[in-house]
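The sequence and the structure are shown first, and the description follows.

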Amino acid sequence: MSGSHDPRDRSSSALPRVVAAVLFSLSDPAAAVQLAGECARTTHQSPFVVDACRCYGAILVGAMRGAAPRDVLEGLYLLADAVLEHLE
């Protein structure tokens, strides 16, 4: 895969691609979160960046599927697994 393989990479430039990925897969929350992480890989391989994109994707999934703002912002959506458990 292309992109930096530096595990210290903390770039946020992959985050804008997450929105399109989540919208594309919104009907399947697990797929949306997975795709959000994969979108980072076109420019970044750092596990930190990929996980950040998954977390951002999880937050977007919750918000776009109508979760209460308080639930989204108080940490329930910080981990992709927590999002998927909440939405199922």
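Which residues does Ser 25 touch, not counting residues up to four places away in sequence? The section on the loop below returns to this point.

## Overall architecture

The structure is a predicted model. The protein contains five helices and zero strands, and along the sequence these elements follow the pattern α-α-α-α-α.

Of the 88 residues in the protein, 34% are buried. Among contacts with a separation of 6 or more, 58% are accounted for by residues 24 or more positions apart.

## The loop between α1 and α2

Ser 25 is located in the loop that lies between α1 and α2. With residues up to four places away in sequence left out, Ser 25 touches Ala 31, Ala 32 and Leu 35.

Is Ser 25 buried or exposed? Its relative accessible area is 10%. Because buried means under 20% relative accessible area, Ser 25 counts as buried.

## The two sides of helix α1

Helix α1 spans residues 15-24. Its buried residues are Val 18, Ala 21 and Val 22. These residues cover an arc of only 95° around the axis, and they therefore lie on the same side of α1.

The buried residues of α1 pack against α2, which comprises residues 29-40, and against α3. On the face of α1 turned away from its buried side are the exposed residues Pro 16, Ala 20, Leu 23 and Phe 24.

## Helix α1 against helix α2

The axes of α1 and α2 cross at roughly 150° and come within 8 Å. The two helices are therefore roughly antiparallel to each other, as angles over 145 degrees count as roughly antiparallel. Their crossing is right-handed.

From α1, the contact is made by Arg 17, Val 18, Ala 21, Val 22 and Phe 24; from α2, it is made by Ala 32, Leu 35, Ala 36, Cys 39 and Ala 40. Classified by type, the contact of α1 with α2 has nine nonpolar residues, no polar residues and one charged residue.

## Helix α1 against helix α3

Helix α3 comprises residues 47-64, and α1 packs against it at an angle of about 45°, with the axes 9 Å apart. This angle makes α1 oblique to α3. The crossing of α1 and α3 is right-handed.

In this contact, α1 contributes Leu 15, Val 18, Val 19, Val 22 and Leu 23, which meet Ala 52, Cys 53, Tyr 56, Gly 57, Leu 60, Val 61 and Met 64 in α3. By class, the contact of α1 with α3 has 11 nonpolar residues, one polar residue and no charged residues.

## Helix α2 against helix α3

The axes of α2 and α3 cross at roughly 145° and come within 7 Å. The crossing in which α2 passes α3 is right-handed. On the α2 side, the contact is made by Pro 29, Ala 32, Val 33, Gln 34, Ala 36, Gly 37, Glu 38 and Ala 40; on the α3 side, by Val 49, Val 50, Cys 53, Arg 54, Gly 57, Ala 58 and Val 61.

By class, the contact of α2 with α3 has 10 nonpolar, three polar and two charged residues.

Arg 54 is placed in helix α3. Its relative accessibility is 21%, and Arg 54 therefore counts as partly exposed. Leaving aside neighbours within four places in sequence, Arg 54 is in contact with Val 33, Gln 34, Ala 36, Gly 37, Glu 38 and Arg 41. The C-alpha atoms of Arg 54 and Leu 35 are separated by 7.9 Å, although these residues are 19 residues apart along the chain.

Asp 51 is also found in helix α3. With a relative accessible area of 40%, Asp 51 is partly exposed. Between the C-alpha atoms of Asp 51 and Gln 34 the separation is 9.7 Å, and the two are 17 residues apart along the chain.

Technical notes
Residues numbered from 1 in each chain as written. Predicted model: local features only at pLDDT ≥ 70, side-chain atom pairs only at ≥ 80, totals over all residues. Heavy atoms only, no water. Axes fitted to C-alpha atoms, helices over the stretch in contact; angles between N-to-C directions. Helix = DSSP H or I, 4+ residues; strand = E, 2+ residues; numbered from the N terminus. Parallel < 35°, antiparallel > 145°, perpendicular 65-115°, else oblique. Left-handed = near helix turned anticlockwise from the far one by under 90°. Contact = heavy atoms within 4.5 Å. Nonpolar A, V, L, I, M, F, W, Y, C, P; charged D, E, K, R; others polar. Buried < 20%, exposed > 50% of the residue type's maximum accessible area, 1.4 Å probe, protein only. Arc of directions from axis to C-beta.
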